[in-house]
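Here are my notes on the model, in numbered points that you can follow with the structure open.

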Amino acid sequence: MPTIQNSCDTIGGVRYFHTELIIIRKHLYTYSWEPNEVSLCALERRALFGESPSSLIQESTRLIDPSRSPFIKERLTVMTEGASFEEFLGNVHQLVAVDGFKVIYVQNPDREKTGFKEVRRIEKEVGLQLKGEAELVHPSILYGILETDSGWVLGEYARNEAIWLKHQSKPHSYSTSLNTRVARAVANIAAPDPEGVTLIDPCCGIGTVLVEALSMGMDIKGSDRNPLILDGVKENIAHFGLEGEVSLMDINDITDHYDAAIIDLPYNLCSVITDEEKLELLQSAKRIADKAVIVTLEDVDDAIRGAGLSIEDRCEVKKGRFVREVLVCS
């Protein structure tokens, strides 16, 4: 959708007006989640897009790398569309494709799966309408076809590379640590627009959140008061070719300020923490960051309010017999 932006410069006392045409492109994201992740996925969608519809397709003008989210499968950046297949083919015929293209059919996750023969027929018919040289074996660009409730769409295609799966095999881990999917979603919830945002994980444990955030290019620091785990955290980060600052420090001793803090609260299965220590920890979170994303196995609503924080959003995440809450606080 094109928009017109006007600007004005003054040079030598003379005012010059400029008009710039800006193209706002629409993107379609297909989603997938496990039953125990419904609430977490919805919270991440609200953070990234401002809404969490029940549909498995998300429409937005916001461009996001699909590999950022553990729930996004694919992204189509819309080039043309049509209400009917015939209208759609006519619009595709007007396009000039990048040489070396390949057309792929994207299954609509809200609908019954389309059969193989029908998929190939549609791909061939649409591909023949595009002006340019196709390359089926080693394409330089992928174009995706998607049938929606309102018609047909063709767009530049990008798929999720599931980077967090590679992070499951790290040198050091705890059985009670966040899994990499949850850690990645939590990082996105903390920094949906990471450009220029500073993060800290002041109870970083073995570094699961740090690895996910650093792999997305986020500006995050880690610290923990347990000296026995720091070497393991650093080794985990380096194992994936990442670089990040990790220090031995209690959260109560941190003096720098951050845009957001991610805190997986210690709990009594692995680390004894009193109610007084919990309150002090949450008070420190309020002091060192404008926003706190808190992960907890226990009900800490009263402690959060007692620390002067307010809960803006929340969700539940299940892992076996554990039920964690993710709380977004300010």
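1. Cavities. The structure holds two cavities of 30 Å³ or more. A word on terms: on a 1 Å grid over the protein atoms alone, a cavity is a set of points where a 1.4 Å probe fits but cannot get out, whereas a pocket is an open set with protein on both sides within 12 Å along at least five of seven lines; lining residues have an atom within 4 Å of a point. Grid points are joined across faces, edges and corners, and a volume is the space filled by probe spheres set on the points. The largest cavity comes to about 40 Å³.

2. What you are looking at. This is a predicted model, in which local features need pLDDT of at least 70 and side-chain atom pairs count only at pLDDT 80 or more, while totals for chains, interfaces and linings use all residues. Residues are numbered from 1 along each chain as its sequence is written, and side-chain values use heavy atoms, with hydrogens and water left out.

3. Leu178, Asn179, Val182, Val317, Lys318, Lys319 and Arg324 line the largest cavity. Strand β14 (residues 311-319) supplies the largest share of that lining, three residues. Helices (H or I, at least four residues) and strands (E, at least two) are DSSP runs, numbered from the N terminus. By class, the lining has three nonpolar, one polar and three charged residues; Ala, Val, Leu, Ile, Met, Phe, Trp, Tyr, Cys and Pro count as nonpolar, Asp, Glu, Lys and Arg as charged, and the others, Gly among them, as polar.

4. The largest pocket. Its volume is about 700 Å³. Of the 33 residues that line it, Cys203, Gly205, Asp224, Asp264 and Pro266 are the closest to its centre. The elements that give two or more residues to this lining are α6 (208-215), β12 (258-264) and α8 (275-288), and α8 gives the most, with three residues. The lining of the largest pocket divides into 17 nonpolar, nine polar and seven charged residues.

5. The second largest pocket. Here the volume is about 270 Å³. Phe101, Lys102, Val103, Ile104, Arg120, Glu123, Lys124, Gly127, Leu128, Ala134 and Leu136 form the lining of the second largest pocket. Two or more residues come from each of β6 (101-105) and α3 (116-129), with α3 giving the largest share, five residues. Six of the lining residues are nonpolar, one is polar and four are charged.

6. Overall layout. The protein chain has nine helices and 15 strands, and its C-alpha atoms fill a box of roughly 70 × 65 × 35 Å along the principal axes. The domain assignment, which is automatic or from a database, gives domain 1 (14-159) and domain 2 (165-329). Taken over C-alpha atoms, the centres of the two domains are separated by 34 Å. Contact (heavy atoms within 4.5 Å) links 15 residues of domain 1 with 20 residues of domain 2.

7. Ala162 sits in the loop between β8 (151-159) and α4 (163-166). Ala162 has a positive phi of about 50° although it is not a glycine, and is buried, with a relative accessible area of 17%. Val209 lies in helix α6 and counts as buried at 5% relative accessibility. Beyond its neighbours within four places in sequence, Val209 is in contact with Leu178, Ala183, Asp201, Ile220 and Ile262.

Key: Buried means under 20% relative accessible area, exposed over 50%, partly exposed in between (1.4 Å probe, protein chains only).
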